[in-house]
Amino acid sequence: MNSKLILNPDRDKSVRRLHPWIFSKAVGKVVNPPANGDDIEIYADDGSFLARGSYSPNSQIRSRIWTFDQNEKIDRNFFISRIRKAAERRQTLLEENQLSALRLVDAESDYLPGLIIDKYNEFLVLQVQSAGCEFHLKDITEALKELYPECSIYERSDAAVRTKEGLELRKGVISGSEPPEEITITENGGIKILVNIRDGHKTGYYLDQRDNRRFLERYCRNKKVLNCFSYTGGFCLYALKGKASSVTNVDVSQPALDIAKKNIVLNHLDPGRVRFIREDVFNFLRREKKEGKQYDVIVLDPPKFAESRSQLDRACRGYKDINMTAASLLSPGGYLLTFSCSGHMTPDLFQKVVADAFLDAGRKGSIVQYLHQAEDHPVALPYPEALYLKGLVIRAD
Ligand code: SAH
């Protein structure tokens, strides 16, 4: 007998609007419960078929939907077809921007809930975030081998979100060769970046900021730039390319700063114009303010301050703190590029927090651009939760 999940009365609306999650509260009954991550058919209370998803009894998200088509089976061919389509959707991006690295599959927004695949040259880096993908891992890797026979597959399933699905953390080679400690990728045509796939953040690099890094370039000619939360120096490279007179990079991670230094040399940029400071950004900004320092362009790209909705208030205080101090460090007519990658922080709320920060700093400012995650991190219309990276370019008036 098939495993079936039957929704409570009136809880079928979101599925009918093609949202890919079934929350535990919506579940009325589970008939013949399958193993963690195995497939389950989803029915409305009136008995009509809605979708086929994965079953995740340990998670608040009880099921993530694979397909709304009753005839579609979840097997190797299913993954071949979905991954191929995701790759096709990125063809223009690839050709126009001469990239050697991109997000090939972005989970729910590519109709493969819980599955991240980033491609760095000939390395496919897989991050499995849901019980359903874990269950079908063999199908997924077989599909990748078929579509990308020239590529090695490395797994970075070491993201904390896995614990919510009752999965342990894991990383290592799935097929092909072990990635070297650093590989060189190219983005936006010419910029080269060293990426540590095995130990770097996320799957090694912040691919989502690609367009915004390029955007920074135009503000930097002869400017004094401060790059907070610099990681491996992505924004710094573009600032130098845009002829910044100096760039100060601040990050707590020494390995990230070490790679940042190498990235400057790799791109034949002038190391004499760059400073690297290993310090907590909150402390650094406060000290600079006390010492009356000024910068013409400031980038604030902090890590996710709100991991859950309950952390949102605290996160707002964190965002306000750094934005307020940064506002007071801006020279007249200077620019602040400020970001939030917390999904729980809405664009409206982020704008309000930044507006409050300027107000409290006694500075006037105008938003001159709204920024967001790059196009290989799309937002599927039925799944607005996929929008997580928001940025504002603010001119100090
Ligand atoms: N701008 C980068 C990505 C930044 S990711 C890019 O374009 O690639 C966030 C960075 O913040 C990480 O490198 C992390 O090491 C650093 N970080 C986290 N908390 C910090 C803190 N309190 N002070 C300084 N750096 C911090």
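Reply: Strand S6 (residues 61-67) gives the largest share of the lining of the second largest pocket, 3 residues. Strands (E, at least two residues) and helices (H or I, at least four) are DSSP runs, numbered from the N terminus. This is a predicted model, where local features need pLDDT of at least 70 and side-chain atom pairs count only at pLDDT 80 or more, while totals for chains, interfaces and linings use all residues. Residues are numbered from 1 along each chain as its sequence is written, and side-chain values use heavy atoms, with hydrogens and water left out.

Me: How many residues line the second largest pocket, and which lie nearest its centre?
Reply: There are 14, and Leu-18, Pro-20, Phe-68, Arg-82 and Tyr-111 lie nearest the centre. A pocket here is an open set of points on a 1 Å grid over the protein atoms alone, where a 1.4 Å probe fits, with protein on both sides within 12 Å along at least five of seven lines; lining residues have an atom within 4 Å of a point.

Me: What is the lining of the second largest pocket by class?
Reply: The lining has 10 nonpolar, 1 polar and 3 charged residues. Ala, Val, Leu, Ile, Met, Phe, Trp, Tyr, Cys and Pro count as nonpolar, Asp, Glu, Lys and Arg as charged, and the others, Gly among them, as polar.

Me: New topic. Which residues touch the most other members in the largest nonpolar core?
Reply: That core has 41 residues, and Tyr-120, Ile-185, Val-195, Ile-197, Tyr-205, Leu-216 and Leu-337 touch the most other members. The largest share of this core, 6 residues, comes from H7. A nonpolar core is a set of buried Ala, Val, Leu, Ile, Met, Phe, Trp, Tyr and Cys residues joined through side-chain atoms within 4.5 Å. Buried means under 20% relative accessible area, exposed over 50%, partly exposed in between (1.4 Å probe, protein chains only).

Me: And Ser-130, buried or exposed?
Reply: Ser-130 is buried, at a relative accessible area of 1%. Ser-130 sits in the loop between S9 and helix H4 (131-135). Leaving aside neighbours within four places in sequence, Ser-130 is in contact (heavy atoms within 4.5 Å) with Arg-64, Pro-113, Gly-114, Glu-165 and Leu-167.

Me: Where is Tyr-219 found?
Reply: Tyr-219 is in the loop between H6 and strand S14 (224-228), and counts as buried at 12% relative accessibility. Not counting residues up to four places away in sequence, Tyr-219 touches Val-297, Tyr-335, Leu-337, Val-368, Gln-369 and Val-393.
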